[in-house]
Amino acid sequence: MQGKTTILQRVCNSTDKPEIFDGKGNKKQKCFQRGHHDIKHELVFKSNPGFVFHDSCGFEAGSTEQFDQMRSFVVDRAATEKVNDRVHAIWFCIPMTDYHRTVTAAEKKFFNECDTGHVPVMVLLTKVDALYLTAVRELLDQGLTIVEAKERAPEKQGKLLEKWLAHVKDELDKCKYPPKGYVTLQKMHEEKAECTVLMETTANVMNEEGLQMILISTQQASILLCIQYAVRK
């Protein structure tokens, strides 16, 4: 199943781990490790250096320190006049491995208290593949054989995804600073997985300056997307 790093690898068309730099351009010696990183550090892939990512540790509703650090960084980078330091878009990842808790107090805290200004926030429902096993189990509980359950599982998985996506939208759209868009991601662990929908949706919610930047940055990741926007202009 895909995690955040896998998604970034697909976006940048890479199988390597990102290089890490501090805010001054100095390369950090230790490699990127899950759960051990500073949001101020820059994650860059050699295959597509036009992208600069920042990854925040997960935070719980009661974790004031982590939340304040994240919010301070986002607000500061959203308002800075230095284009190279500015955050142009935010991907808020919600894994579907624990779909019964897709919208907790932590998610509501972010979308109610974190004003990102002109920087759009998109919700990414990740690890959607996890719903396949849930679909199989529910079909088995209905009395189907394992063969029948596997045949009908993809359709059932789609319905489960629609259900939980609608739930997430209903909860977060009521917040003070709701997301600008939603994208579901699955099978991102496959090397041929595409991020066209993710990149196109991101481009659609960005302001003009951000859109120009993303078109330049994604030339390696999605030539088709660049052509689509070139035709529109």
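Me: Is Leu 140 buried, partly exposed or exposed, and what is its relative accessible area?
Reply: Let's start with where this residue sits: in this predicted model, Leu 140 lies in helix α4. Buried means under 20% relative accessible area and exposed means over 50%, with partly exposed in between. Leu 140 falls in that middle class, because its relative accessible area is 34%.

Me: Which residues make a nonpolar surface patch of about 250 Å²?
Reply: Leu 140 is partly exposed, and it takes part in this patch. The patch is made by Leu 140, Ile 146 and Val 147.

Me: Which element gives the largest share of the largest nonpolar core?
Reply: That core has 36 residues, and among those touching the most other members are Phe 110, Val 123 and Val 168. Elements giving two or more residues to the core include α2 (64–79), β4 (121–126) and α5 (146–172). The largest share, eight residues, comes from α5.

Me: Which residues does Val 168 contact, leaving aside neighbours within four places in sequence?
Reply: Val 168 is one of the core residues that touch the most other members. Beyond those sequence neighbours, Val 168 is in contact with Ile 94, Thr 102, Val 103, Val 123, Leu 125 and Tyr 182.

Me: Is Glu 171 buried or exposed?
Reply: The place of Glu 171 is in helix α5. The cut-off for buried is under 20% relative accessible area. Glu 171 is at 18%, so this residue counts as buried.

Me: Which side chain does a polar contact of 3.2 Å join to that of Glu 171?
Reply: Not counting residues up to four places away in sequence, Glu 171 touches Val 103 and Lys 108. The side chain joined to Glu 171 by the 3.2 Å polar contact is that of Lys 108.

Conventions. Residues numbered from 1 in each chain as written. Predicted model: local features only at pLDDT ≥ 70, side-chain atom pairs only at ≥ 80, totals over all residues. Heavy atoms only, no water. Core = buried A, V, L, I, M, F, W, Y, C linked by side-chain atoms within 4.5 Å. Buried < 20%, exposed > 50% of the residue type's maximum accessible area, 1.4 Å probe, protein only. Helix = DSSP H or I, 4+ residues; strand = E, 2+ residues; numbered from the N terminus. Contact = heavy atoms within 4.5 Å. Polar contact = N/O pair within 3.5 Å; in protein donor to acceptor, adjacent residues only side chain to side chain. Patch = residues over 30% accessible without salt bridge, like charges linked within 9 Å, V, L, I, M, F, W, Y side chains within 5 Å. Areas by Shrake-Rupley, 256 points an atom, 1.4 Å probe, with all protein chains shown as cover. Salt bridge = Lys/Arg side-chain N within 4 Å of Asp/Glu carboxyl O.
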